[in-house]
Amino acid sequence: TILYSLAVWLLGINVIKYTLKLLLSYHGWMYEMHGKISLRTKAWLGLIRIFGGRKPMLNSYQASLPKLPVPPLRDTVHRYLESVHPMMDEDRYAQMSQLAEQF
């Protein structure tokens, strides 16, 4: 009986977790007109409140959020070099570019 109860409890927790993960991947609310909320978004908000609890803590949705893609290292280094170029003279920038390529 204890194992059965534990299995049901774990199943329930995982169903809530993966349902929240699915719900939190919805981005349709960002593309709606200001002031007008569609029926789909209202239903989404209701489901978030049902599955998320009444007063969620700050990091309570952390495990349910979708994973973000990691940008390629080459793009990150390129953006870094673009951002520091205005703050450096040409010699220092050339040195920094060489270090970035070695990295």
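Which helix supplies the largest share of the lining of the largest pocket? H3 does, with 5 residues.

This is a predicted model, in which local features need pLDDT of at least 70, side-chain atom pairs count only at pLDDT 80 or more, and totals for chains, interfaces and linings use all residues. Residues are numbered from 1 along each chain as its sequence is written, and side-chain values use heavy atoms, with hydrogens and water left out.

**Pocket**

The largest pocket has a volume of about 210 Å³. Its lining consists of Leu73, Arg74, Val77, His78, Leu81, Ser97, Ala100, Glu101 and Phe103. H3 and H4 each supply at least two of the lining residues. A pocket here is an open set of points on a 1 Å grid over the protein atoms alone, where a 1.4 Å probe fits, with protein on both sides within 12 Å along at least five of seven lines; lining residues have an atom within 4 Å of a point. The volume is the space filled by probe spheres set on the points.

**Helix H4**

Helices are DSSP runs (H or I, at least four residues), numbered from the N terminus. H4 covers residues 90-102 and has 13 residues. At 1.5 Å a residue it should span 18 Å, and its end C-alpha atoms are 18 Å apart, which agrees. The expected span is 1.5 Å times one less than the number of residues.

Tyr93, Met96, Ser97 and Ala100 are buried in H4. They cover an arc of only 105 degrees around the axis, which puts them on the same side of H4. The buried residues pack against helix H3 (73-84), where contact means heavy atoms within 4.5 Å. The face turned away from the buried side carries the exposed residues Asp91, Gln98 and Gln102. Buried means under 20% relative accessible area, exposed over 50%, partly exposed in between (1.4 Å probe, protein chains only).

**Aromatic cluster**

The structure holds 2 aromatic pairs. Rings of Phe, Tyr and Trp (its six-membered ring) pair if their centres lie within 6.5 Å; planes under 30 degrees apart are stacked, over 60 edge-to-face, the rest tilted.

| Pair | Centre to centre | Plane angle | Type |
|---|---|---|---|
| Tyr26 and Trp44 | 5.3 Å | 50 degrees | tilted |
| Trp29 and Trp44 | 6.4 Å | 10 degrees | stacked |

Tyr26, Trp29 and Trp44 form one aromatic cluster. Trp29 lies in the loop between H1 and H2 and Trp44 in helix H2, so their pair ties together parts 15 residues apart in sequence. Tyr26 counts as buried at 18% relative accessibility. Trp44 is buried at 15%. Trp29, at 43%, is partly exposed.

How values were computed. Arc of directions from axis to C-beta.
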